[in-house]
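Hi,

Here's the structure I promised to pass on.

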Amino acid sequence: MIFENVLIPLQLNESSARVTALADAIELFGTTNAHIVHVSADAGADISTARHDRLSALSKTMAKNGVRVTTEVSSGSPAVAIPRIAREHGCDYIAFSWKAKSWVQRTLVGSVTQDVVRLSDIPVFVHKRPIIPSTESYQGPILYATDFHETDTLAIPLLNDAALGPGEVVLLHSGERAPDPVAEGHRSRSVEAELARLAAGCPNRSVKTRSVLGSPRRVITAQARRLGARLVVVGKSNNTSRFSSMLGSTAEAVVNQTSMSVLVLSPASASLRIATQTADTRIAT
Amino acid sequence: MSESRSTTGRRNPVFIISLILVITLVAIGFVWPERLDRWTRFAHGAVIEHVGFSYLLAAFAFLVFCVYMAFSRYGTIRLGNDEEKPQYGYFAWFSMLFAAGMGIGLIFWGVAEPLTHLAAPPEYLEAGGGEAAAFAMRQSFFHWGIHPWAIYLVMSLSIAYFSFRRGMPPLISSCFYPLIGDRIYRWPGKAIDILAVFATVFGVATSLGLGALQIGGGLNAVFGVAEGIGLTLTIIAVVTVLYLISSMTGLDKGIQILSKTNVLVALALMTFVLVVGPTSYIFSIFTDTLGQYGTQLVSLSLASSPFEGAAWTQDWTIFYWAWWISWSPFVGLFVASISRGRTIREFILGALLVPAGLTFLWFSVFGGAGMHLQLHRGASVAQSALADASGALFEVLAAYPLASVTSLLSIVLLSVFFITSADSATFVIAMMTSRGSFSPPAVKKIGWGLIQSSAAAVLLVSGGLEALQRMAILAALPFMFVMLFMMRGLLKALRYEFRYERPSRLKNRI
């Protein structure tokens, strides 16, 4: 499984309901081991008895679906410590329970989730709404925004997995218009061909493809809203310009601006998966 | 698309709407010159006063953009295919650049502008003093230096890139493909092209009218021919016939030969005045003003003078910037059409530095000669220039040897620059109204040539010429935004080319 081990950072002020919803969500990814971490900004890893009790209670909530849970208390800057701990424990991804913040709060106080999305080399899942809603009439799609890079190797098997619930998958590519009509025709045909190739990798699903012109950060959030997506999967790019870095990456913008759960895939973990698959194939032969 | 089909109005709305618009406004200028004058004076005054600062910001942005393009990785891109060689040699290219972009204006203002600033500087300077003289030279360099070329280059670089490298028609609307896609073929694109034709026709018509007045002044000074509307109309008629003949012979012959000849004549005249005039004084002015211009470039570029000298800045700097912007569709398209095969770096550095360098020399020689007469020989040429700018050159030439020969040479120079400007404008307007064809139909060139000259003549008679000039300047306001978006479109296109189309980056990426 590609999402077997998860690191779950908790601030310990999360409600039990939020943690339960997060536990339900990670189960869909086939997760069996959860390492819960509380990172305190204060020096030293000691916390009060009350907070310790809270950590135990939330761990039990997390374990209700049969997931094996371990806990850890650490100190330091959460944005730096969380990716480090995930790496040390060999976690496949990091899962956050999202607490909405206003633009002013995000600007002044910052957001640990946003920082971890930027700093982490492994996928980050941000839970906002249930991926499989309780109402059966709701049939929103899973939206995967692709730029045809390494993250496709992580995303396509996941999207094809029936565990993520019924409903269709929408493969979305957004890009800039080419400088002239001939080049644009070529670009458009190439994008359609790439999307069709990815769609062929999801035989268990009904797949729709979309190619939309415009800035990815605007297009992905607008399309997710328009389609009523229940999960947005987005790849993180290594090729971010300096100007884009100042504005934040597309993945950070999607995490901030959409109201649905978001899974951010990273190219590093995708490369690792490609390397592992290649090694497995060599051993098998 | 065949040429004959392009001339039909239904299929070529740019042509038919531009034609109707131009004829309607000229008719208004003829029938109600006072009303047109009143309306345009109000609108022009409001624009210059309230959004004048935006011209300063935009012109500076254009300059920064040009410098960035020249020295960034995009500088290596060729305006054409990768293997293409420049269509014209350096001398022909520089001559045509100079003739289209500055020529006639430089002859007109080379003496008059420094002397006018000397006689009527902003209120914080003493008229006729040393500081006013330094200010006059510095501002003349500034108004005619690299900023006008930066404005032209934003336009011409975009057009050259999209037409020669991307295979699109050489139209201003083509530059908007990365931003608005196929809408360039519908009304947004047509509106941009119509605005460009409008600004070009009126800009050239007013220049024709004012240029004819100056030639008339020169003929009066040299031959004693009585000035009057009859003489001016005759000059317009003769010049029209000459530039239509030149226009018929095409870029490779007419404009190129005339431009080269004229630049040689101009250099000869400039060298003569430099030798017989106060040579070391002129070089001293050149050196000093160049230093001031170089060190104060940024502060000059953004000097909106909110505390003192605001009216002066509005009357001169902001007027010039608006004027250059209104001329940019014409000069931009023309410069693009002669620059195929050059790299972006070569194109920008060549067009930015060489004409500006020649302009600085010209102002130093003619302005310096005028300053010397005014400040050291007791002549009152500055007051004369203030009263009648068109006669200033002849008055200064009269103070040096062989005045009749140099004045006659100046009239020839003026007339030929006049012809090359009108010739290239006719070619550009015909091109813009023929869906960007590099070989517009002859009938269209003759038609637009006659319309331009008729507009100039009719409005000279009725007195509506200045109103028309103000309208051309008003067109600069929307055009300033058009040009800002052009920069955005060009950057997007170049970024796309580097990211997706360069061979090293072609690895199955889209």
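Chain A is split by the domain assignment (automatic or from a database) into domain 1, residues 5–127, and domain 2, residues 142–284. Keep in mind that this is a predicted model, in which local features need pLDDT of at least 70 and side-chain atom pairs count only at pLDDT 80 or more, while totals for chains, interfaces and linings use all residues. Residues are numbered from 1 along each chain as its sequence is written, and chains are lettered from A and ligands numbered from 1 in the order in which they are written.

Where the two domains of chain A meet, 16 residues of domain 1 and 16 residues of domain 2 take part (contact means C-beta atoms, placed from the backbone, within 7 Å). On the domain 1 side, α1 (16–28), α5 (112–119) and β5 (124–127) of chain A each give two or more residues. Helices here are DSSP runs of H or I, at least four residues, and strands are runs of E, at least two, numbered from the N terminus. That side has eight nonpolar, five polar and three charged residues (nonpolar: Ala, Val, Leu, Ile, Met, Phe, Trp, Tyr, Cys and Pro; charged: Asp, Glu, Lys and Arg; polar: the others, Gly among them).

Then there's the contact between the chains, with 12 residues from chain B and 12 residues from chain A. On chain B's side, α8 (177–180) and α21 (476–501) of chain B give two or more residues each, and α21(B) has the largest share, four residues. By class, the chain B side has seven nonpolar, two polar and three charged residues.

Cheers
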